[in-house]
Structures are given as structure tokens and as C-alpha cells.
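The following exercises are to be worked with the sequence and the three-dimensional model at hand. Each task is followed by a solution in steps.

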Amino acid sequence: MQQSLAQNLTNVTLFERLGGAAGIRRIVDGAVAAHMQNPAIKARFLPYEDRPERVEEIKQHTCDFFAAGSGGPDRYQGRDMAEAHRDMDIDAAEYDAAADDILGTMDSLNYDEKTREEVHAILRSLKPDIVHK
Ligand code: HEM
């Protein structure tokens, strides 16, 4: 049975609306570049500047994480978010700065409001695992 256009649009996964693996990669590249410039968190990321192979691995894990969490085919093989961030003592202001970088990157790449809000909701759901209590 043929679906209406409205039904088709509702059925499009977040992964597809992010532009698939290539779209997610653009967001991750833009967000990491923004983190490197963001006074609130750049000290966390600058030590990785001389470790391009580790940066690539973290970016790949982050791409897979978002793909797996948005309906894409990829499997995430990095550590879970609590384990990856546990020893960093990240506070709420740093978390907000990182989330702003991701959403700001999506804004500059012209993602629509609904897609950005869905990513924001996913980020909010991860906050308790990332912020040190
Ligand atoms: C906003 C939500 C966040 C998400 C979705 C996220 C996601 C990730 C992922 C998927 C990894 C890779 C883990 C692995 O390779 O095993 C990672 C690593 C990392 N994250 Fe986050 N992160 C977030 C927030 C933050 C914040 C707020 C900071 C610091 C201000 C931060 C700093 C780091 C650092 C430094 C690493 C590398 C750790 C290492 O080398 O072992 N992250 N993050």
C-alpha cells in the first residue's frame, strides 16, 4: 500500500535526517574543531593535537555512537559514556559548552530545528553519565 508523504516523512530515521554516516562525520568534525577553539573546554582537547591517530579513533567512535543511536547500521565499539568520561571530572558548564558546540555546528550546517532538538534530547539523556557527581 502506498504511504502518504506525511507518513513517509515521519518514518525517516534520525540517522537519515542527519545525512547518514557522511552527515554525522561532518557534524563530528565541526564539533571537534569547535571544542578546540572553545575557551570553556579546549584545555581538555588540546593535548590530543599531537596524537592525530587517537583523535581519528575518538572521532570514529563518536560517529559510530551517533549512528548506532539514531537508527543507522553501525555498531558502537568504544567504551560506554560513563566509563569514557568518568576520570575527567567534567562539570555541568563543560557539558553545556560541548553540547552547544555540537548544536551550533548543526545550526551552521543548516539542519532543521526538529532534527537539532532530537539530537539535543539525546545529549540531555547522556548528561548524567558524563557530568561528574
Ligand atoms: C555532550 C555529550 C558527549 C558525548 C556524546 C561524548 C562522546 C564521546 C565518545 C563517543 C568518546 C569516545 C570514547 C572511546 O573512544 O571509547 C568520547 C571521548 C572523549 N570525550 Fe566525550 N562526549 C561528550 C561530552 C564530553 C565533554 C563535556 C568533554 C569534556 C569537556 C568530553 C571529553 C572527551 C575526551 C577528552 C575524550 C577522549 C578520552 C580518551 O582519550 O580516552 N566529552 N566522548
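Predicted model: local features only at pLDDT ≥ 70, side-chain atom pairs only at ≥ 80, totals over all residues.

**Exercise 1. Determine which residues the UniProt annotation "binding site" covers, and state how they cluster in space.**

Solution. Step one: according to the unreviewed UniProt entry, the annotation covers His61 and His85. Step two: these residues are spread over 25 residues of sequence, yet they cluster in space, with a largest C-alpha distance of 13.7 Å. Step three: His61 is placed in helix H5, residues 52–69, while His85 lies in helix H6, residues 81–85.

**Exercise 2. Classify His61 and His85 as buried, partly exposed or exposed.**

Solution. Step one: the buried class requires 20 or more other C-beta atoms within 10 Å, and the exposed class 12 or fewer. Step two: His61 has 16 C-beta neighbours inside 10 Å and therefore counts as partly exposed. Step three: His85 has 17 other C-beta atoms within 10 Å, so His85 is partly exposed. Step four: with neighbours within four places in sequence left aside, His85 is in contact with Ile90, Asp129 and Ile130.

**Exercise 3. Describe the shell of residues around the ligand.**

Solution. Step one: the ligand is surrounded by 18 residues, and the closest are His61, Gly78, Arg79, Ala84 and Ala98. Step two: two or more residues of the shell come from each of H5, H6, helix H7 (92–108) and helix H8 (113–130).

**Exercise 4. Examine the phi angles of Asp89 and Asn110, and locate each residue.**

Solution. Step one: most residues other than glycine have a negative phi. Step two: Asp89, which is not a glycine, has a positive phi of about 55°, and Asn110, likewise not a glycine, has a positive phi of about 65°. Step three: Asp89 is in the loop between H6 and H7, whereas Asn110 is in the loop between H7 and H8. Step four: Asp89 has 9 other C-beta atoms within 10 Å and is therefore exposed. Asn110 has 6 such atoms within 10 Å, so Asn110 is exposed.

How values were computed:
Residues numbered from 1 in each chain as written. UniProt positions renumbered as here; feature names shortened; annotations may be inferred. Helix = DSSP H or I, 4+ residues; strand = E, 2+ residues; numbered from the N terminus. Contact = placed C-beta atoms within 7 Å. Near = placed C-beta within 6 Å.
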